[in-house]
Amino acid sequence: MAKAASEFSDGAGTASYSERHLLMLEEATSAPEEALDLSRNCIQRSLKASKAAVFVFAVALVLLASAGAFLATSRQSSASAGAPPARPTAEGGAWDSVLLDALPPQLTGKLPGPDAERLQQPPQKKKRLVNDVEFIVHSKGTWCKSGHPFLFAGNDTKCQERCIRTPGCMYATTYPGKWCQLTRDCPLAQEGPAGAITYLMSNITRVLFIGNSFTFVNDLPDQLANIAYSLGHAVHVTRATVGGCSLFAQRPSGSHWTASLLEQDWDFIVLQDHSTVPLVKGARWEYLYPAVDDFVARKKQAKLVLYMTWAPAWGSPENCPLSTNAPCFPKGPLSSMIAPPCATNRSWADKMSSFGCATYALARGYLSASTRPGVDLVVPAGLAWQVARGDVEIPPQCKAAIDAEYPDKPPLDLPLPAGMLREEVLKPERLYIYSGNKPDKHPSKVGQYLNALTFYTTLFGEVPYGAAPPVCKENCYGNNWAKTTPGPLDPPLTADQLHALQGAAADAVAHCGKTCRPAPLTQVFLK
């Protein structure tokens, strides 16, 4: 596992960068209205016609009636599409048919059999991003010199519209005449013709992720962007991740890279710490709380978001926390902050004795950090895993030992009620990558999809029913840490599995309530 962990580090202390935003376009048919106009014209001509007037008039009436009925049906279908989706029956009832044009382009036409027709429900809130997206002037007389190739370079008089329709596009440069260039970033402005204008897409949601392998393995940022796109939101994501590292080592006052990222404007800044830092009382005071305070001081107008992670599949009572990378733990290893030593510490063993117990300890750690002034939201991904797995037991001895570390009562009544993800629908172990015959602590594509659904629900305040299925863009891993081809999950999740995962995310955020986000969710279903 040490080898695998080293492979996850994005360079020697450097952070990796990715960005993507996706746009969902909807096409509304205008055929019924055109048919109505044609019919009215035909009627007017028929009144002036001679002997053929009666015949033409009759035909026009038929056309008018047909078009009106078609229009009414279209409106009725459009209205019903926004209705809240029903949960499956106990027998795993089917969903209604899906609008496949709501899927990302890379998935359309690649889905097998009946699942292609009922893969997901229509989005609960339809948005025409073609009309909603706005551009502001970024610079004049320059074009973007980017580290990435152009997304498009060619003749197009509707350059901004092409940018909207091009996944990843953020900047559109127009030149005198027809020439158009599209890029995903614009770190350097190159001098160009006097008439060149570079536009920046302005009204999108910008999310910065700071963390480690729990963020970049199987591509949490882009999975979030993909889900948001499928539900009508344009999202730009950037990540700075160092495998196996603490958040403290990446705080802006100690990292020039992080500090430079925080000079940009963000809507959300997501913070994820090492998987065991929130479990250790001394580490919370030495590492977690100071790191959060450092980010608060530099967040500007952004909302600061804590990413609550999950526990190993079966707990790990026999293991002391691994933190041997000195640059990532400059104040000393985590094991040195556990007294008595964790190898003989009964309290530590109780805390890590099971998934339910360790999840409770992580939840208390992140929720205690959320009370620091300036923290805005908590994404309860770990609680979504608990809901999905149906693990509702926290041994009393374990709970008492954890609660003894905090001066206040827990802000939530944990564990949360079990969700709909029955084992016959999806085995809980599929949330993890397997190493050998044991589940690793890292998320599979399915587990990271559940995290992304929980992020979407928390950040946008909308239940994620109808979200696109999981798609991994980079850092894609399967069992035994086999690098997998980027793209959709193979085999794809069924409609019941997608619905259950989406429900687990919605339930976790809804039950967490104001502790995780101040405003209530829209169209939420509580058990």
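Student: How does helix 12 pass helix 15, in a left-handed or a right-handed crossing?

Tutor: Helix 12 passes helix 15 in a right-handed crossing, meaning that the near helix is turned clockwise from the far one by less than a right angle. Helices here are DSSP runs (H or I, at least four residues), numbered from the N terminus. The model is predicted: local features need pLDDT of at least 70, side-chain atom pairs count only at pLDDT 80 or more, and totals for chains, interfaces and linings use all residues. Residues are numbered from 1 along each chain as its sequence is written, and side-chain values use heavy atoms, without hydrogens and water.

Student: Which residues of helix 12 and helix 15 meet?

Tutor: From helix 12, Leu383, Ala384, Val387 and Ala388 meet Ala504, Ala505, Asp507 and Ala508 of helix 15; contact means heavy atoms within 4.5 Å.

Student: A new topic: where is Thr454 found, and is it buried or exposed?

Tutor: Thr454 is found in helix 14, residues 445-460. Thr454 counts as buried, at 0% relative accessibility; buried means under 20% relative accessible area and exposed over 50%, with partly exposed in between (1.4 Å probe, protein chains only).

Student: What is Thr454 in contact with, beyond four places in sequence?

Tutor: Its contacts there are Val379, Pro380, Ala381, Ala384, Ala505 and Val509.

How values were computed. Helices (H or I, at least four residues) and strands (E, at least two) are DSSP runs, numbered from the N terminus.
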